[in-house]
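Subject: Structure for your review

Dear colleague,

Please find the sequence and the structure below. My notes on what was found follow directly after them.

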Amino acid sequence: MFTFPLVYSFTYYSFTKIKKIMNEEIKLMKGNEAIAHAAIRCGCDGYFGYPITPQSEVLETLALEKPWETTGMVVLQAESEVAAINMVYGGAGTGKKVMTSSSSPGISLKQEGISYLAGSELPSLIVNIVRGGPGLGTIQPSQADYFQTVKGGGHGDYRLIALAPASVQEMADFVGLGFDLAFKYNNPVMILSDGIIGQMMEKVVLPPFRPRMTEEEITEKCPWAAVGKPAGRKRNVITSLELDASLMEQNNHRFQKKYRLIEENEVRYEEIECEDAEYLLIAFGSSARICQKSVEIARSHGIKLGLLRPITLWPFPSKIINRYADKVKAMLSVELNAGQMVEDVRLAVNGKVKVEHYGRLGGIVFTPDEIVGAVEKMRNEE
Amino acid sequence: MKNEEVRMTTKDIIKPENLVYQKPEIMNDVPMHYCPGCSHGVVHKLVAEVIEEMGMQDKTVGIAPVGCAVFAYNYLDIDWEEAAHGRAPALATAVKRLRPDRLVFTYQGDGDLAAIGTAETVHACNRGESIAIIFINNGIYGMTGGQMAPTTLEGMKTATCPYGRDVKLNGYPLKITNILKELEGTRYITRQSVHTAAAVRKAKKAIRKAFENSMEDKGTSVVEIVSTCASGWKLDPVQANEWMEKNMFPAYPLGDLKNVE
């Protein structure tokens with residue numbers, strides 16, 4: 001039944017994994033292109049975007065693929081990021097699976113709409129291919145939008161579920177996952193990527209085609225959707241407005257309850273060489289990819305270095321980081337910014353061990369050796 | 001003829017053959033927050049009547065604005081989405097594109113449509129989205145307490161131009177529908193009012209046409225209703241109607257601006 005000549009590989013992959021890879025088409029593409037293909041394949045109903053470097057390939061790929069002729073997915077270039085996010089709001093309000101993508105300055109413009117999406121509890125997907133800021137900044141990659149993503153960005157007490165892909169494969173995988181989480185919790189989800197993951201080409205296995213939701217499925221999953229009021233049900237109103245402060249407080253308590261549930265159920269992370277680690281790197285997205293190499297180099301120098309990669313930036317993997325704080329001598333939060341996630345690492349560690357930050361700013365990317373150097377410096381300072 | 005022979009009881013009066021007018025069923029039986037003399041109530045009723053007459057209650061999605069009509073969703077028994085300030089045409093664009101068989105309309109004031117939402121308005125119209133836009137133009141921000149609107153007349157006093165609108169300082173009253181009629185995506189652009197019974201009938205016909213255009217995928221229709229804001233204008237309802245005829249109509253003359261058959 002099964003003949004497989006690559007015995008070498010067999011020792012590395014489980015049977016199911018090999019079968020999966022053999023049956024599926026492997027493609028080479030940019031992270032941004034993977035987002036577009038994954039959107040079409042996961043039953044997305046509509047994409048609304050506006051060009052900005054380094055994410056324009058998302059809209060370009062969709063325009064080239066013409067999914068409106070195949071799956072029926074709507075693709076529209078809006079007049080601005082503001083309009084695009086409000087189109088997402090409009091579409092999500094009718095129970096449709098809709099998304100947008102942009103890069104940092106454009107994401108700033110979308111913050112109004114994101115706050116409204118959170119306030120109206122609308123499932124939706126927003127992709128941020130981060131570039132260096134502040135202001136118009138640079139088109140080079142950065143992770144300086146961490147605070148904006150996990151601490152708010154828009155006004156009011158709300159949370160986004162934030163997924164941080166570290167490969168083109170994860171760019172593809174997180175589109176479907178993002179929508180699933182969005183509809184599970186009626187909450188906007190953000191894929192926080194950057195110019196490296198968006199622009200680099202890697203092999204990727206695209207997800208299988210999933211049909212778009214039928215009207216029956218929408219009615220079942222989204223009984224709140226504004227689709228036209230049939231006789232016998234109350235009218236559905238999509239709004240974040242509640243002038244009665246006591247009711248608005250109740251709404252906020254409902255949101256907070258949901259956020260606690262998400263924190264309980266949806267924390268995702270990856271541990272690389274953490275088992276015996278004396279020093280731990282904490283890094284997400286493209287930084288984590290670079291840190292993987294740093295771990296390899298450090299270990300060849302005899303330093304027991306591990307890497308913990310948060311996959312969800314919110315909810316943040318605080319519990320596991322706190323557990324490692326009992327085991328390791330120090331942690332280094334490695335980010336392409338001036339020190340943002342390090343605050344959450346310190347909160348998780350709660351003073352148990354030293355936590356430092358290493359970063360490069362404004363579009364400059366660190367090398368694996370630079371990070372090993374930072375670890376060695378931290379060791380010597382003990 | 002004796003008096004008792006002609007006296008009708010309430011029972012006699014509410015017989016179906018005596019009924020000449022009734023509230024559309026889509027209008028919810030709740031107190032409105034609109035001020036006495038405000039045009040919103042009449043326009044709401046017209047929208048409700050048209051939806052009901054077209055039999056579209058189960059196929060209509062209304063987009064409410066930010067401004068006095070923010071609570072439109074309390075008054076009409078249809079599904080609604082409440083937009084951020086000025087963004088109603090963007091929401092409507094997505095709803096209509098994703099659900100082309102639905103009747104999609106926005107209901108917006110002058111600040112929402114012609115100031116903060118100018119880009120969304122112009123581009124939705126330019127794309128020829130098959131949506132209907134109901135545009136209430138009363139030359140003032142009512143909800144926030146009577147500040148200057150893009151459509152405020154030259155010399156007109158508001159809370160933020162207390163000495164009258166000075167065009168050197170604040171620019172000119174924006175005749176937005178005149179701009180929209182030039183866009184190839186628009187099908188029907190009209191300017192109406194609801195200050196007399198005859199005007200109400202004409203406005204209703206205009207709304208009906210706009211809604212039919214949405215259903216027949218004919219491009220964007222805009223029904224501007226030159227309206228009163230008695231409270232904002234600091235006039236009583238009768239004076240407000242008179243003031244509107246004398247001052248608003250010359251700047252915003254009524255009639256069809258564009259009607260592509």
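With which residue of chain B does A:Glu215 form a salt bridge? The partner is B:Arg99, and the closest N and O atoms of the two are 2.9 Å apart. A salt bridge here is a side-chain nitrogen of Lys or Arg within 4 Å of a carboxyl oxygen of Asp or Glu.

Before I continue, a word on conventions. This is a predicted model, in which local features need pLDDT of at least 70 and side-chain atom pairs count only at pLDDT 80 or more, while totals for chains, interfaces and linings use all residues. Residues are numbered from 1 along each chain as its sequence is written, chains are lettered from A and ligands numbered from 1 in the order in which they are written, and side-chain values use heavy atoms, with hydrogens and water left out.

The interface of chain B and chain A

Chain B contributes 35 residues to the contact and chain A contributes 36 residues, where contact means heavy atoms within 4.5 Å. The two chains bury about 2,800 Å² between them, with 57% of it on carbon and sulfur atoms; buried area is the accessible area (1.4 Å probe) that two parts lose on being put together, summed over both. In chain B, the residues that lose the most area to chain A are B:Asp79, B:Leu98 and B:Arg99, which together make up 25% of what that side buries.

Across this interface the rule finds 6 salt bridges. It also finds 16 residue pairs in polar contact, both residues being at pLDDT 80 or more. A polar contact is a pair of N or O atoms within 3.5 Å; within protein, one must be able to donate a hydrogen and the other to accept it, and residues adjacent in sequence count only if both atoms are side-chain atoms. Several elements of chain B each supply at least two residues of the side that touches chain A: strand S1 (60-64), helix H4 (72-75), strand S2 (79-82), helix H5 (88-98) and helix H7 (118-127). The largest share, 7 residues, comes from H5(B). Helices (H or I, at least four residues) and strands (E, at least two) are DSSP runs, numbered from the N terminus.

Over all chains, the count comes to 42 salt bridges. In one of them, A:Glu273 meets A:Arg299, with the closest N and O atoms 3.4 Å apart. A:Glu273 lies in the loop between strand S10 (269-272) and strand S11 (279-282) of chain A and A:Arg299 in helix H12 (residues 285-300) of chain A, so the pair ties together parts that are 26 residues apart in sequence.

Within chain B, B:Arg97 forms a salt bridge with B:Glu129, the closest N and O atoms being 2.9 Å apart. This pair links distant parts of the chain, 32 residues apart: B:Arg97 is in helix H5 of chain B, and B:Glu129 is in the loop between H7 and strand S4 (132-137) of chain B. B:Arg97 is partly exposed, with a relative accessible area of 32%, whereas B:Glu129 counts as buried at 4%. Buried means under 20% relative accessible area, exposed over 50%, and partly exposed in between (1.4 Å probe, protein chains only). A:Glu79, B:Arg97, B:Arg127 and B:Glu129 are linked in a network of salt bridges.

Covered strands and an enclosed helix

S1(B) is mostly covered, as 5 of its 5 residues are buried. B:Thr60, B:Gly62 and B:Ala64 point one way from the strand, and B:Val61 and B:Ile63 the other way. S1(B) pairs in the parallel sense with strand S3 (residues 103-109) of chain B over 4 bridges, and with S2(B) over 4 bridges. Two strands pair if DSSP finds at least two bridges between them.

In chain A, strand S2 (residues 46-49) is covered on both faces: A:Gly46 and A:Phe48 on one side and A:Tyr47 and A:Gly49 on the other are all buried. S2(A) pairs in the parallel sense with strand S3 (residues 74-77) of chain A over 4 bridges, and with strand S4 (residues 98-102) of chain A over 2 bridges. A:Gly46 has A:Val74 as its bridge partner in S3(A) and stands opposite A:Val98 in S4(A).

Helix H3 (residues 31-41) of chain A has 10 of its 11 residues buried, so it is largely enclosed by the rest of the structure. H3(A) is followed by A:Gly43, whose phi is positive, near 80 degrees.

Yours sincerely
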